[in-house]
Amino acid sequence: MSIHIAAKKGEIAETVLLPGDPKRAKWIAENFLKDIYCYTDIRGMLGFTGTYKGRKISIQGTGMGIPSASIYINELIKDYGVKNLIRVGSAGSYQKEIKVRDIVIAMATSTDSSINNKRFNNANFAPTANFDLFSAALKVAEEKNIKINAGNILTSDEFYTDDSNYYKKWADFGVLAVEMETAGLYTLAAKYKARALSILTISDSLVSEEITSAEERERTFSTMVELALETALKI
């Protein structure tokens, strides 16, 4: 039993979807899974297990940022034997052709976090997606005619920055979007030989300054969640 999840052995599936928002974990479980049960509500960070088309799947909220997400990712892998971790979250677009409500799959992630610099003594580790999960997601997207964008993203430690033009340098180097957890996820998955993938929905654009409403996000997130769940079935 882990400190922050405290689920019993066997309550968590080998495949886990990771939304940042615990309420979104509840929404996913209630709208996509059958026979669900809540295995943790410690600190309000909800986790659920159920079945999707007969496959046992868990949904675990992670909170915001690498430090929070890393706590849950570490415990899921080390204490519960999780093999496949798929982040389903929101991101801000850095490119004018990537619009709100579009889906981005992170092939790799840059970061302004110092966590990996400390881990690798100021050398630059390049966190990347698992090839099997990435390939499976591409197949599902093609089968279901879901438009995706795939490439490098930025995992940032800051949501609010003092420099409103901060994103432009990253955009100039082809970074597609920004979020706050993927670099931690991909690094820990690499360390523990697990599979990881981030599938993200664009909720706002730093280029156009457009922001989606809560209702629009819910509808678009449905497509992202379906893509993640169908990807899990192929592994």
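Both Arg 87 and Glu 181 are buried (under 20% relative accessible area, with exposed meaning over 50% and partly exposed in between; 1.4 Å probe, protein chains only). The model is predicted, with local features requiring pLDDT of at least 70, side-chain atom pairs counted only at pLDDT 80 or more, and totals for chains, interfaces and linings using all residues. Residues are numbered from 1 along each chain as its sequence is written, and side-chain values use heavy atoms, without hydrogens and water.

Arg 87 and Glu 181 form a salt bridge whose closest N and O atoms are 2.8 Å apart; the term denotes a side-chain nitrogen of Lys or Arg within 4 Å of a carboxyl oxygen of Asp or Glu. Salt bridges with shared partners join Arg 87, Glu 179 and Glu 181 into one network. By this rule, eight salt bridges are counted.

A further salt bridge links Lys 53 to Glu 230, with the closest N and O atoms 2.6 Å apart. Lys 53 lies in the loop between β3 (47–52) and β4 (55–60) and Glu 230 in helix α7, so the pair ties together parts 177 residues apart in sequence. Lys 53 is exposed, at 62% relative accessible area, whereas Glu 230 is buried, at 11%.

Helix α7 (residues 214–233) also contains Leu 227, which is buried with a relative accessible area of 0%. Beyond its neighbours within four places in sequence, Leu 227 is in contact (heavy atoms within 4.5 Å) with residues including Ile 103, Val 140, Ile 146 and Ile 199. The C-alpha atoms of Leu 227 and Ile 146 are separated by 8.2 Å, although the two residues are 81 apart along the chain.

Definitions and conventions
Helices (H or I, at least four residues) and strands (E, at least two) are DSSP runs, numbered from the N terminus.
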